[in-house]
Amino acid sequence: MPGRSVCSVNGETVTSRQLREIAESMIDIYGQRENQKLLRREAQLETIDDFGGARIREQKDRVGGLYREWDRLRKAWESDDLDEASRKREADLLSYEVREIEEADLKEGEDAELESRYRILGNFRKLSEAGSTVESLIGQGTDAADAIDRAVRELSSMDGVDENLDRLAEELSQIDDMFSGFRRSLADYMDELYFDPEEYMALQDRLNLIHHLEDKYGGSIEAVGRAQKEKEERLAFLTDYEKQRERLRDQMDAGYAKLCSQCDVLSNLRREAAQEFEAKLTDALMELNFPHVHFEVVWDTDHRYIGANGCDRAAFYISMNPGEEARPLEQIASGGELSRIMLGMKTVFAGVEGVHTLIFDEIDAGISGQTAWMVAQKMGRLAGDHQILCITHLPQIASMEDSHFLIEKRTNEGRTQTHIERLSEEESDREVARLVGADLITDASLENAKEMKRMARKAKENPAV
């Protein structure tokens with residue numbers, strides 16, 4: 001259908017959600033909004049956790065489970081902090097409700113059975129009248145019975161003459177037997193049909209009691225039984241309140257101690273990962289024209305912060321000039337510096353993640369000159385092991401291309417459309433020359449562009465240079 005998108009992976013049709021999930025495991029997309037995410041402290045801790053990989057993920061899952069169990073005990077402790085008068089009121093109500101259910105002595109399936117008997121007694125007169133009428137219509141000596149009987153005898157006299165007639169005689173004989181059987185069954189039913197006013201009133205009272213308990217305790221006899229068990233357990237807790245509270249407190253304290261211990265394990269794993277991350281990111285940033293950079297992760301760990309994510313708070317501190325004290329990243333980094341820092345991080349993660357395709361949307365924000373060339377070289381080296389898709393306006397980065405595409409918007413009949421065109425080598429040279437800033441493409445500007453592309457190829461062929 002025109003206008004309809006169809007997603008497929010390896011020739012198999014998939015939903016957009018499935019495509020997104022697959023893409024997330026294979027493609028990492030960087031846009032300028034990633035910079036702002038980098039400034040959030042929560043995201044900085046997540047960055048260390050992601051770098052730490054499976055060991056940290058498994059430990060976080062362990063800590064999360066322990067926290068949820070401890071939090072459940074804590075909430076139970078707080079909700080059950082009752083004074084003596086409150087406990088007595090609740091215990092009295094529970095005792096009454098348990099006794100009410102016990103005295104009813106409900107049986108599973110009892111309500112359906114009683115409802116059936118109650119309907120029969122409630123409709124006794126109609127049932128009796130209908131049964132009597134049917135008996136008179138099909139009883140012995142009626143026209144229907146006599147007619148079937150005479151027909152059977154008549155066909156029996158022709159037995160053996162014609163096979164087709166013999167089959168019809170057999171069918172009619174079966175009808176006669178069924179008819180006779182029905183008359184006997186109806187007679188038995190009418191003999192057993194009776195109305196007992198006392199039974200009817202007793203059924204009504206019993207059903208009213210059952211429905212009252214079902215409405216009060218959950219809608220079914222099974223739910224009433226579950227409510228009874230829960231109330232008995234709660235009553236036992238209140239009856240032995242102090243010991244039960246002490247037991248709950250012990251469980252809560254033991255759970256908290258275990259949680260703290262596992263949080264400490266998580267904190268140590270994070271610090272180990274952070275040390276490696278600091279070293280690798282520092283190297284990556286030095287290659288991106290931060291020759292004097294100092295980067296470190298500052299930790300604030302306290303059991304007061306304890307939660308499903310542990311008890312750590314992390315902050316990225318950085319100094320980019322000699323003698324300058326390291327300060328929080330969000331306080332000192334400019335837009336261009338953030339772009340390079342993010343590229344450095346992507347480079348570090350490219351070695352530890354299973355992502356093979358990286359998409360950069362204007363990684364060149366706020367940079368130019370020698371810094372732009374160093375960023376281009378870094379991306380060229382990264383492209384040796386990964387597929388890199390980059391949208392750029394810088395000639396230094398564009399010259400590093402293996403395949404060069406031109407993206408432009410065109411207006412046609414009042415509609416704006418985006419066109420993507422793969423450029424030839426000559427067209428790519430002209431586009432790089434245009435990006436350098438040449439309004440008029442001359443032989444000199446083209447030669448400049450070609451030289452830039454030759455330097456880029458040399459850098460890719462010999463990454464150490």
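Visitor: Is Asp-105 buried, exposed or partly exposed?
Guide: This is a predicted model, where local features need pLDDT of at least 70, side-chain atom pairs count only at pLDDT 80 or more, and totals for chains, interfaces and linings use all residues. Numbering runs from 1 along each chain as its sequence is written, and side-chain values use heavy atoms, without hydrogens or water. Buried means under 20% relative accessible area and exposed over 50%, with partly exposed in between (1.4 Å probe, protein chains only). Asp-105 has a relative accessible area of 45%, so call it partly exposed.

Visitor: What is the phi of Asp-105, and where does Asp-105 sit?
Guide: Asp-105 isn't a glycine, yet its phi is positive, at about 50 degrees. Helices (H or I, at least four residues) and strands (E, at least two) are DSSP runs numbered from the N terminus. Asp-105 sits in the loop between helix H5 (84-104) and helix H6 (110-122).

Visitor: And Asn-289, what is its relative accessible area?
Guide: Asn-289 is in the loop between helix H12 (241-286) and strand E4 (294-301). It's not a glycine either, but its phi is positive, near 70 degrees. Asn-289 counts as partly exposed because its relative accessible area is 28%.

Visitor: Which strand holds Ile-407?
Guide: Ile-407 counts as partly exposed, at 48% relative accessibility. Its strand covers residues 405-412 and is numbered E9.

Visitor: Zooming out, what share of the protein chain is buried?
Guide: The chain has 18 helices and ten strands. Of its 465 residues, the share that counts as buried is 37%.
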